[in-house]
Each structure stands twice: as structure tokens, then as C-alpha cells.
Amino acid sequence: TTVEQTPETVTEEGGSRFYMLTEIDKEYEGYVRPEYEDTIDLKELCEEFRNYAAGTLKLYYDIEDIRRFIGALAVTKLIILQGMSGTGKTSLAYAFGEFLNNKTVVVPIQPMWKERTDLVGYYNEFTRRFNETTLLYKMYEANCNEEIYITVLDEMNIARVEYYFAEFLSLLELPNPDGRNLDVVADRWDDDPKLLQKNGKLRLPTNMWFVGTANNDDSTFAISDKVYDRAMVMNLDNKAEPFIAAKERTVHITAERFNAMATAARKEYRMTKRNERRLEMLDKYMIEHFHVTFGNRIMTQIRKYIPVYVACGGDELNALDDILSKKVLRKIETQNPIYVKNAAEGFCRYLDDLFGDDKMPLCKQLMRRFEKNI
């Protein structure tokens, strides 16, 4: 059910050094654009996906987790799914690909990986062929159509993410997608694939998302702040209860349609001025008490995430609670542990005063966990 890295491709003498990519060129010579749906909204997308996963695949997820996943996809091209083994991290991404009629690519990360070539392959001087990987193949294919592509970096922190994924992280930061071009080879040959540029680069497809699954144990590396700051993080800690799906169907939408729904949500469900003021006050409190600030990147992510989460059928404060616990409070872990323990209850009381009693449960739960772990 999953697609993995492939061994070196053996091609016939005289063929292109990129056998698999040139085969894609041949396949797309007579390409006819398929029919796509253009009426579904984000709330329906979440509900349809949840029902499909349950009814067809027997994978059960809480609707809140589905909203978080869809909301994360609307913020960044890199999502990190954390949680204990067996909670459905890889399955969630796999199910989404099945739901969209475009199979998810699963790339099992290897402990010795250190550079980009481990992901996309390399030119073999001896065989005069390029060692093509499935990820390279899918990136090239994604540049040929409008589908949504999900790539799973399975057990992403079994090697150092900031090493093998460094070039991807840098490219995803660029605001102009046309500038996101990945080094593949040093130059272009006459019989190379059509979409390979003159300087041997391939455009990082705008319709591909990377979903990393992460386990936090002694066999893995800690994920650096550089990676966390650029990613959206989801915790899958509990399995949802089985339920009978109302109806089951797949949905065929383009990446452009998904992005348009997210853009429309940001206009319709922009964060309330009241919560904007609350965030300003919380930022001042955290600077004063923990020397931690939101920063422009996190504020941008918050403003992108919350409206989409609300459009998916969620509550604005729940969305704020979720993203603050993942993006801001995580930084408190690096503070002096004794100080954090003494300040934890005061911070929880401040959250009650600012947002109301019984609100922001994820933030308070995390602070109390910091307190207990010290």
C-alpha cells in the first residue's frame, strides 16, 4: 500500500540518464485534464475525509484532529505528526492520499542519511545513469498536473532532519514558488527530462506537502527549533472510538482549489479583534516572565491557521489553544526548570483571567506537565 525508495534504475545502453523521469514525459504527451470538484467547502472536506477513513479504511479519527490536519496543510508545506506508536500518524497521511484519489508516497528515513542526495538520488559516474528515487519521480510527476501530493517522511527524526532536509527547508521559506528550485544535477543534457532546467534544477512542486512522523525516544534525534519553527505540529496521542460512517466517498480536488478555500476562509473568519488584543497581552506576559516572544513567523502561522480551523467547523479559541501549545509554549521547555515549575500555576491563572475559566486546556495541560516533569 505504500511506495518506497527504489534501488538504482538500470536502463538500456544509450537511453536517457533519467529513465523514470523521461517515462513520465512520454505518459503526459497526450495528457487530458481530469474532472475536479469545485463546490466542496472545508467543513465538508473534513467530514467527508473522516467518514471515508472510518468507513473504507477502518481508521478512526476525532473530528478535532481532522480539523487540525487540514488547518496545518493550509499553513505550511511541512507538517510534523507526533505521538506514540500505533496512534495512526502514518495512517492519517496515507488515508488522505486515498481519499484524494492520489496515493501517498511513504519515504522511510534511514539513520545514516545526511544530505539531499539521500532523498532525491545522485548521478553515478560509473554507470552514467542517475540513481532516481521515488520521491524525485513523484516531485517530477507533481509538476505535470494539479493533484494534491502527500509525501510522508516516516520516522523523520531517526536521522537529523536539518541535515538531509536542509535544502528543502530553505526553499520552502522562499515567498515566490518560482524560485524554489532544487539542485538535481550540475547541468542539463539534451536528452534529459523536459522539466529539468538548464542549470540542472527541478522546481519544487507547489502541490506537494511533506508530512513527517516523529517518535520521541532514545533511538531518535531531537528535532531542532529551525525545523519546528517552519512546521506545523500535531500530536496524535489517543486513538478515537470507532463509529459508523454516515457516507463514504472520495473527493477529487486540485491543490489550487484547496489553497483557494483556505484564502476564502481567511477573509471570512479572520481572527477577532478581541483575540488579537489577548495575544498582544499574552505576548507581553511571556516576554516578561519567560523571555519568550511569538515572533513574526509564529504570528503569521496563527493568522493563517485559525480562520481555516474555524471554516472546518472548529472554535476559534480551541484553534488558538492548539497552536499556542505547539508553537509558543514548547519554547518554555528550554527555560530554567526550577523557574518554570514555580511560574507554571501563575501562568495558568493568567490564562484563566485572559481567556476565561475552563478555556485553553491544552496550554494549561502542557504547563502542568512541565511542572510535574521537573
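How many of the nine residues of helix 6 are buried? Keep that in mind as you go through these close-ups of a predicted model.

**View 1. Helix 6, a mostly covered helix.** Here's the answer: in the helix that spans residues 134-142, nine of nine residues are buried.

**View 2. Lys138, a residue of helix 6.** Why does Lys138 count as buried? Its relative accessibility is 14%, and the label applies to anything under 20%. Skip the neighbours within four places in sequence, and you'll find Lys138 in contact with Val105, Tyr149 and Met208.

**View 3. The largest pocket, with about 1,100 Å³ of space.** This pocket is lined by 36 residues, and the ones closest to its centre are Gln82, Asn235, Asp237, Leu366 and Arg369. Several elements give two or more residues to the lining, among them helix 3 (63-73) and strand 9 (232-235). Helix 15 gives the most, with five residues. Sort the lining by type and you get 12 nonpolar, 12 polar and 12 charged residues.

**View 4. The second largest pocket, with about 750 Å³ of space.** Look for Val75, Thr76, Lys77, Arg180 and Lys304, which are the closest to the centre out of 34 lining residues. Helix 8 (166-173), helix 10 (255-268) and helix 12 (295-311) each give two or more residues to this lining. Helix 10 has the largest share, six residues. By type, the lining splits into 14 nonpolar, 10 polar and 10 charged residues.

Terms used:
Residues are numbered from 1 along each chain as its sequence is written. This is a predicted model: local features need pLDDT of at least 70, side-chain atom pairs count only at pLDDT 80 or more; totals for chains, interfaces and linings use all residues. Side-chain values use heavy atoms; hydrogens and water are left out. Buried means under 20% relative accessible area, exposed over 50%, partly exposed in between (1.4 Å probe, protein chains only). Helices (H or I, at least four residues) and strands (E, at least two) are DSSP runs, numbered from the N terminus. Contact means heavy atoms within 4.5 Å. On a 1 Å grid over the protein atoms alone, a cavity is a set of points where a 1.4 Å probe fits but cannot get out, and a pocket is an open set with protein on both sides within 12 Å along at least five of seven lines; lining residues have an atom within 4 Å of a point. Grid points are joined across faces, edges and corners, and a volume is the space filled by probe spheres set on the points. Ala, Val, Leu, Ile, Met, Phe, Trp, Tyr, Cys and Pro count as nonpolar, Asp, Glu, Lys and Arg as charged, and the others, Gly among them, as polar.
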